[in-house]
Amino acid sequence: EKTKSSLIQNIETVVRGYAQIDDEMYEDLEAVMLTGDIGVETTEYLLDKIHEGVKKKEIKEGNDVVPYLEKCIVALLQENNTPMAERTGTTEVIFIVGVNGVGKTTTIGKLAKYYKEHGKSVMMAAGDTFRAAAAEQLTIWAERTGVPIVKHQEGADAAAVVYDATASANAHHIDVLLVDTAGRLQTKSNLMEELRKMARIAGKNIAGAPHETLLVLDATTGQNAVSQAKLFGEVVPLTGAVLTKLDGTAKGGVIISVKRELGVPVRWVGVGEGADDLRPFDAAQFADALFD
Ligand code: GDP
């Protein structure tokens with residue numbers, strides 16, 4: 001609702017007055033998009049699309065812009081959206097990455113609940129060994145969701161946690177292993193090394209692991225989330241994103257730029273602090289909510 005009123009309705013208001021398309025309309029449109037938190041690059045991309053629509057005569061007047069934009073946004077969000085791999089007979093290993101405070105721990109808790117409710121056995125690995133509080137908080141979520149957790153002492157080698165967790169997940173025929181990771185992006189090369197090592201160790205015990213690496217981003221930080229995503233994309237190969245704190249923010253447009261600039265699908269969105277406040281991201285539903 002908030003994103004709709006701060007982005008789409010503002011666009012509608014701007015374009016409505018134009019009986020024909022001219023440079024002034026593009027300028028107005030650009031201004032309103034930039035204030036709607038979709039960023040410079042995605043704004044340019046969408047303006048190019050509108051240019052194309054005008055050339056193809058699908059857009060003849062201002063009123064045609066918003067429906068055309070909806071089509072473009074849905075197409076962008078659905079592009080290359082391979083579904084999350086569903087594994088049977090072996091543990092699916094999901095690494096959760098992102099900077100501290102974005103909602104990683106909470107997302108792991110929510111995912112544990114989601115998978116359990118969908119009949120899967122779940123295990124957590126406390127791979128952020130840098131902060132003692134990280135393992136403690138994750139333990140609370142493990143207890144809350146009734147899921148086993150593998151953890152070591154603060155300062156331990158994160159790869160050793162992954163080794164134990166993958167071995168244990170194998171032994172107990174766990175369906176989904178959720179691995180927390182450290183969120184210190186300021187030491188990029190260390191983090192890169194640590195994540196690579198964790199991935200290598202995971203792959204030793206479970207073929208193809210990690211099967212997913214999900215980047216958690218805080219939607220309320222708007223374009224900062226996009227910059228973070230780009231940095232993380234350089235550190236580790238990502239397979240998807242989770243946008244948290246979408247409740248109560250008008251910056252939902254950031255989903256569009258994450259997809260556009262990161263090129264990976266948004267898998268989940270967080271809509272609150274509770275265990276049930278996670279939704280699989282559905283592009284068509286998102287667009288419907290924005291445009292209807
Ligand atoms: P971490 O440092 O990345 O592990 O972040 P946490 O999981 O500890 O979350 C940081 C704060 O954000 C906590 O207060 C969470 O309750 C809150 N949080 C996480 N996800 C959401 C969400 O989807 N919506 C809201 N409103 N708060 C969230």
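Analyst: Let us begin with a cut-off: a residue is called buried under 20% relative accessible area, exposed over 50%, and partly exposed in between. Please keep in mind that this is a predicted model.

User: What makes the contact of E58 with K56 a salt bridge?

Analyst: The rule asks for a side-chain nitrogen of Lys or Arg within 4 Å of a carboxyl oxygen of Asp or Glu. In the pair of E58 and K56, the closest N and O atoms are 3.9 Å apart, so the pair meets the rule. By this rule the count comes to 10 salt bridges, and among the linked residues are E41, K230 and E261, which form a network.

User: What makes D276 and K113 a salt bridge, and which parts does the pair tie together?

Analyst: The side chains of D276 and K113 meet with an N to O distance of 2.5 Å, and the limit is 4 Å, so this is a salt bridge. D276 lies in the loop between β7 (266-270) and β8 (278-280), whereas K113 lies in helix α5 (residues 104-117), so the pair ties together parts that are 163 residues apart in sequence. With a relative accessible area of 48%, D276 is partly exposed, and K113, with 23%, is partly exposed as well.

User: How do you know whether D128 and R131, which form a salt bridge, are buried or partly exposed?

Analyst: The closest N and O atoms of D128 and R131 are 3.2 Å apart. For D128 the relative accessible area is 2%, and D128 is therefore buried, while the value for R131 is 29%, and R131 is therefore partly exposed.

User: Why is β6 called largely enclosed?

Analyst: Five of the five residues of β6 are buried, so this strand is largely enclosed by the rest of the structure.

User: What makes β6 a partner of β5 and of β7?

Analyst: Two strands pair if there are at least two bridges between them. Strand β6 (residues 240-244) is joined to β5 by five bridges, the two strands running parallel, and β6 pairs with β7 in the parallel sense over three bridges, so both pairs pass the limit of two. L215 stands opposite A241, L217 stands opposite L243, and A241 stands opposite V266 in β7. Strand β5 (residues 212-218) also pairs with β1 (residues 92-97) in the parallel sense over four bridges, where V97 stands opposite L215.

User: Which elements make right-handed β-α-β units?

Analyst: One such unit is made by β5, helix α9 (residues 223-235) and β6, and another by β6, α10 and β7.

User: What makes a group of residues a nonpolar core, and which residues have the most contacts inside the largest one?

Analyst: The residues must be buried, belong to the nonpolar kinds, and be joined through side-chain atoms within 4.5 Å. The largest nonpolar core has 101 residues, and those with the most contacts inside it are I11, L29, M33, F232, L243, I255 and V258. The largest share of this core, nine residues, comes from α4. Leaving aside neighbours within four places in sequence, I255 is in contact with L77, L243, L246, V266, V269, F281 and F286. In soluble globular proteins, nonpolar side chains tend to be buried together.

Key. Residues numbered from 1 in each chain as written. Predicted model: local features only at pLDDT ≥ 70, side-chain atom pairs only at ≥ 80, totals over all residues. Heavy atoms only, no water. Right-handed = clockwise from strand over helix to strand, strands pointing away. Buried < 20%, exposed > 50% of the residue type's maximum accessible area, 1.4 Å probe, protein only. Contact = heavy atoms within 4.5 Å.
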